[in-house]
Amino acid sequence: MSIAALVIVLLVVFRLVWSVAVTTPADNRLQSGLLALEDSHQAMLDMDASLRGFLATGDQFFADAATAAAPRLAAADTQMVNLLEEPQLRQDVLALLLAQQRWRTEWADQARRLPPPGGAETFLKQGTALFDDYRARKDATRVDVLDEIETADRNAIAAQWVVGVLIAAVGGVTLVVALRGRRRLQDHVVAPVDGLLASVRGIGEGRLAPPEPVNGSEELVALRDGLADMTVSLRRQREEAAAQAERLQAQTDRLRTILIMAREIAGSLNTRYVIDSTVQAAVAVTDGRVLLWLLEEDGNGLELAYDSDRGAVSPLETHCNLGVGVVGRSARYGQISRGDPDTGEDAAVAVPLVVGARVIGILECYDSPDGEVDGQALSAVEMLATLSGSAIEASRLHAATERLSQFDPLTQLANRRRLGADLDSAVANAKRHSSPMSVIMLDLDHFKELNDRYGHQQGDVVLQEVASTLRIAMRDGETAYRYGGEEFAILVTRGGPDDAVKLAERLRNRVEEDFRRGDKQLVTASFGVAGLPEHAGDGEALLSEADRALYSAKNAGRNRVHRAGGLVD
């Protein structure tokens, strides 16, 4: 009788505890994750259709529709992250989220630019390939989630049948002997079982306290001890589950930080903004101090670009040689390197920023008060370095290209294109404030003869030295440009023709003195000056008048300054 009662109690207790602690939460998590998966896919379909409509028609309505779908996608992804708690689904969910992010970063974010990069057809094929990869991972994840739900349902039904059959069998046996052992059962079983059931109910309600001692048979005492051990075990498992959930949440937060950072820097060509976003994301991931080093132009060392404790660092303020220290080793060998405090190195880990097969910088992450940067945090930093390295390199190449488009590579002076933009701005400002401004045009005399006599290489040296002379002589409100060939221009935004003539005379004397070799005069310069509003009413006319004055100086014998008006033909 006692044995039968004990078996029944154990079966009931086990079924109740298993249902409360395992089956129900897992079922709820799988069902909500499946719904989130479908919601996320629908949002992706809406965004893809809208962006393709935008690319096909150029209608902003479709771009707005794609933007409106983004919050739904983010909300669904946040709910879908709960599936990471299922070990069998974790890899699929992470792969799905990464494929989704890759589609958004490499195609969706670029689709709002017209015309799309690389041509519409190629760009659409690229989007289709990325979306197909996402769809395949989504379908695989959905199949796995459904399999998990089906498996859980089968297991629950099987468990119910087994428990039911066992209880029925034990009940039948118990019924046979119930009459003879009723009194004994009441005294030695019922009361203790009631106490144990109360403990079970407490366990079902989440109170994992050991049951009170029982006065009964050895079996009931053993059952009580089993419940006590199970309570301790459940408490330990709950603590471990909470710790695991905390670790998963931390990793989820790291991944979310990286995704946010990737979205922020994907369309930015501002190097300082990309660097700042990268460091802030690394700080959020590691919870410690982060330095970002960039490879110097000559490739012989690195310079500190950003310190999370200080912000942006002035160029060349802090230098690191290749192969020296934790940062130098990581840069030289392109591998993660950890500092050894026992040898005087910082307690930090250096992660290289690699673009192609070339290291362009280093993320140096100091250990936090909680310990070293390793495991999931280090993996997140590696992912961050991969994403940010490409963005930093793209922004630096853009800045270099922008400079090349506005500066003359030989003299390092602003070029004719930059002069046009600056002149238009200066003329508009002068008219707005009714203030005078001037333009000086200068041309090197007999420069062709110098080229023919000494060669073009020497001619280039002369042009560089003249540019240096002009650059040194410029004051606030004065800017020198290479106009073309041996011709230069100077924009004087804070002075009329009289001030410009004085500046031109100083420059003419300086050129004459700098290029006199004994009794030989290697080169001189002729100058033409025109002012606004005295000689012209707009920038183009101002340049034309200054150019006419320059050629008047040439015709009058060279090595002199002429101003517009009263010109020599």
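Biologist: On what basis are the residues numbered and the values computed?

Modeller: Residues are numbered from 1 along each chain as its sequence is written, and side-chain values use heavy atoms, with hydrogens and water left out. As this is a predicted model, side-chain atom pairs count only at pLDDT 80 or more, totals for chains, interfaces and linings use all residues, and local features need pLDDT of at least 70.

Biologist: How many helices and strands are in the protein chain?

Modeller: Helices (H or I, at least four residues) and strands (E, at least two) are DSSP runs, numbered from the N terminus. On that basis, the protein chain has 14 helices and 14 strands.

Biologist: What percentage of the 569 residues of the protein chain count as buried?

Modeller: Buried means under 20% relative accessible area, exposed over 50%, and partly exposed in between (1.4 Å probe, protein chains only). Of the 569 residues, the buried share is 42%.

Biologist: Are helices α2 and α3 roughly parallel or roughly antiparallel to each other?

Modeller: Helix α2 covers residues 60–80 and helix α3 residues 87–108; they pack at an angle of about 160°, with axes 11 Å apart. Axes are lines fitted to C-alpha atoms, for helices over the stretch in contact, and angles run from 0 to 180 degrees between N-to-C directions. Angles under 35 degrees count as roughly parallel, over 145 as roughly antiparallel, 65 to 115 as roughly perpendicular and the rest as oblique. The two helices are therefore roughly antiparallel.

Biologist: Which residues of α2 and α3 make the contact?

Modeller: Contact means heavy atoms within 4.5 Å. From α3 come V93, L96, L97, Q100 and R104, and from α2 come A70, L73, D77 and M80.

Biologist: Is C365 buried or exposed?

Modeller: C365 lies in strand β7 (residues 358–366). Leaving aside neighbours within four places in sequence, C365 is in contact with T286, R289, V290, A348, V349, V373 and V381. Its relative accessible area is 0%, so C365 is buried.

Biologist: Which residue's backbone oxygen does the side chain of R482 reach?

Modeller: R482 belongs to strand β9 (residues 478–484) and counts as buried because its relative accessibility is 16%. Beyond its neighbours within four places in sequence, R482 is in contact with residues including D408, N415 and E487. At 2.9 Å, the side chain of R482 reaches the backbone oxygen of G485.

Note on methods:
Polar contact = N/O pair within 3.5 Å; in protein donor to acceptor, adjacent residues only side chain to side chain.
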